[in-house]
Amino acid sequence: MKIETIAIHAGNHVDETSKAAIQPIVMATTFERNPEGGYDSGYSYSRAANPNRSALENVLAQLEGGAEAAAFSSGNAAGMSVFQALEPGTHIICPDDMYHGLRNQLKTLFKGILEFDFIDVNHAEILKAHIKPNTGLIWLETPSNPLLKITDIKMVAAIAAAQNIKVVCDNTFATPLCQRPLALGADLVMHSTTKYFGGHSDLMGGALITKETNEFWEKIRNVQTMGGAIPSPMDCYYLVRSIKTLPYRIKGHVHNAQLLAEYLENHDSVEEVLYPGLQSHPQYAIAKAQMTGYGAVLSFTLKAGEAEAKRVVNRVEIFTQATSLGGVESLIEHRASIEGPDTKTPFNLLRVSVGLEHIDDLIADLEQAMG
């Protein structure tokens, strides 16, 4: 099936009892046992599995071309489950501009338990130089947040495979509509399903998709079940519902983002636009080779500096000044101010999540805000 068909049908089945065409929400926390003590339905307790979560995990796995998926209560919970599944003392190589939430998670919760280096993972020689005997994982994030760096997934995966090192790719910004890391050599894909899969800024979730079921995947499944950081049946239901429109929402998001990036690149007040769909992007060639769309997040820096950046976000009328991304409404924020004192983000940078409003209205709003 094509991805549009998968999005609609892989997360749904006709209810056997009522024949409802849309799978109902199963709010039960526990399920009846048969006379022998077993579970005819395959479900025992909702922390371990739930029909709505099973439907969500099925469609996520198929969208990414993976063997299985595991759904979590947030993107951070999904990422943390990977770190929890590693043996103590394992060394992780991470990008130097890794999403600050996961970077801070490693530096606080896993300090003294795991080793980690933050480097330019897109530079082959630097990457090889940082591999140690205890390196067990390379973490990728492409496009990155908020600098929109693009990493050559095939290159990193080849280096990792030669050393029997796992590769995890955060694919939140791209979604499987724009990029499929498993097909490029990654072992696992991570998503904050809060973002484009949810698509309406009203629920929270995370997910991991594996290329194959193996011992490491079973460890992650154990973390999911024993730790219990799982999404509710209601959240799973709404995620499945939102995913049905994902392919067509992404087309609109990407279309708007490309036009907005081109407008900003030619604006006199703008210093630089960071968007992989622009030929001026330093990794444009890599993005063109491994992506089928360039995503709908962009960042830009202003020549006048930090004060002007903060003035602009306080003058917009259609854009909302808010954190997060992936909703149908456009968001803008001064990113460095939320990332903390060790941020790598320039203080004159604004990050934009481009929504589905008419592009002329979005351009007009930024024009008046920067005017």
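1. Terms first. A residue is buried at under 20% relative accessible area, exposed at over 50%, and partly exposed in between (1.4 Å probe, protein chains only). Helices (H or I, at least four residues) and strands (E, at least two) are DSSP runs, numbered from the N terminus. The model is predicted: local features need pLDDT of at least 70, side-chain atom pairs count only at pLDDT 80 or more, and totals for chains, interfaces and linings use all residues. Residues are numbered from 1 along each chain as its sequence is written, and side-chain values use heavy atoms, with hydrogens and water left out.

2. Helix H6. This helix spans residues 153–162. Its buried residues are Ile 153, Met 155, Val 156, Ala 157, Ile 159 and Ala 160. They pack against helix H5 (124–130), strand S4 (135–141), strand S5 (166–170) and helix H11 (284–290); contact means heavy atoms within 4.5 Å.

3. The two ends of H6. At the start, a side-chain oxygen of Asp 152 comes within 3.3 Å of the backbone nitrogen of Lys 154. A polar contact is a pair of N or O atoms within 3.5 Å; within protein, one must be able to donate a hydrogen and the other to accept it, and residues adjacent in sequence count only if both atoms are side-chain atoms. After the helix comes Asn 164, with a positive phi near 60 degrees.

4. Ile 165. This residue sits in the loop between H6 and S5. Is Ile 165 buried or exposed? Ile 165 is buried, at a relative accessible area of 5%. Leaving out residues up to four places away in sequence, Ile 165 touches Ile 131, Thr 135, Gly 136, Leu 137, Ile 138, Ala 160 and Asp 187. From Ile 165 to Leu 182 is 17 residues in sequence and 15 Å in space, C-alpha to C-alpha.

5. The seven-stranded sheet. The order is S1-S7-S6-S5-S4-S2-S3, in an open sheet with mixed pairing. Two strands pair if DSSP finds at least two bridges between them. Strand S1 (68–72) and strand S3 (115–119) are at the edges with a single partner strand each, so one side of each has no neighbour in the sheet. From one strand to the next, the twist averages 20 degrees. S4 and S5 run parallel, joined by five bridges. Trp 139 stands opposite Val 168 in S5.

6. Helices on that sheet. H2 lies across S1, strand S6 (188–191) and strand S7 (206–210), at about 125 degrees to S1. Helix H3 (residues 75–85) also packs on the sheet, touching S1, strand S2 (91–95), S4, S5, S6 and S7. The direction of H3 makes about 45 degrees with that of S7. Axes are lines fitted to C-alpha atoms, for helices over the stretch in contact, and angles run from 0 to 180 degrees between N-to-C directions.

7. The five-stranded sheet. This open sheet has the order S8-S9-S12-S11-S10, again with mixed pairing. Strand S8 (270–274) and S10 are at its edges, each with a single partner strand, so one side of each lacks a neighbour in the sheet. S11 and S12 run antiparallel, with four bridges between them. His 334 stands opposite Leu 350 in S12. Helix H10 (residues 246–265) packs on the sheet through S8, S9 and S12, its direction at about 10 degrees to that of S9.

8. Helix H12. In this helix (residues 306–313), Glu 308, Ala 309, Val 312 and Val 313 are buried. Seen down the axis, they fall within an arc of 135 degrees, so they line one face of H12; the arc is that of the directions from the helix axis to the C-beta atoms. They pack against S9 (297–302), S10 (320–321), S11 (331–334), S12 (349–353) and helix H14 (359–370). H12 runs at about 150 degrees to S11.

9. Cysteines. How many disulfides does the structure hold? There are zero disulfides, a disulfide being a pair of cysteine sulfur atoms within 2.5 Å. For Cys 94, the nearest cysteine sulfur is that of Cys 169, 13 Å away. The sulfur of Cys 169 is 13 Å from its closest cysteine sulfur, in Cys 178, too far for a bond. Cys 94 is buried at 0% relative accessibility, and Cys 169 is buried at 0%.

10. Asn 34. This residue lies in the loop between helix H1 (3–9) and helix H2 (51–64). Asn 34 counts as buried, at 17% relative accessibility. Its side chain reaches the backbone nitrogen of Glu 36 at 3.0 Å and that of Gly 38 at 2.7 Å. Apart from residues up to four places away in sequence, Asn 34 touches Tyr 39 and Asp 40.
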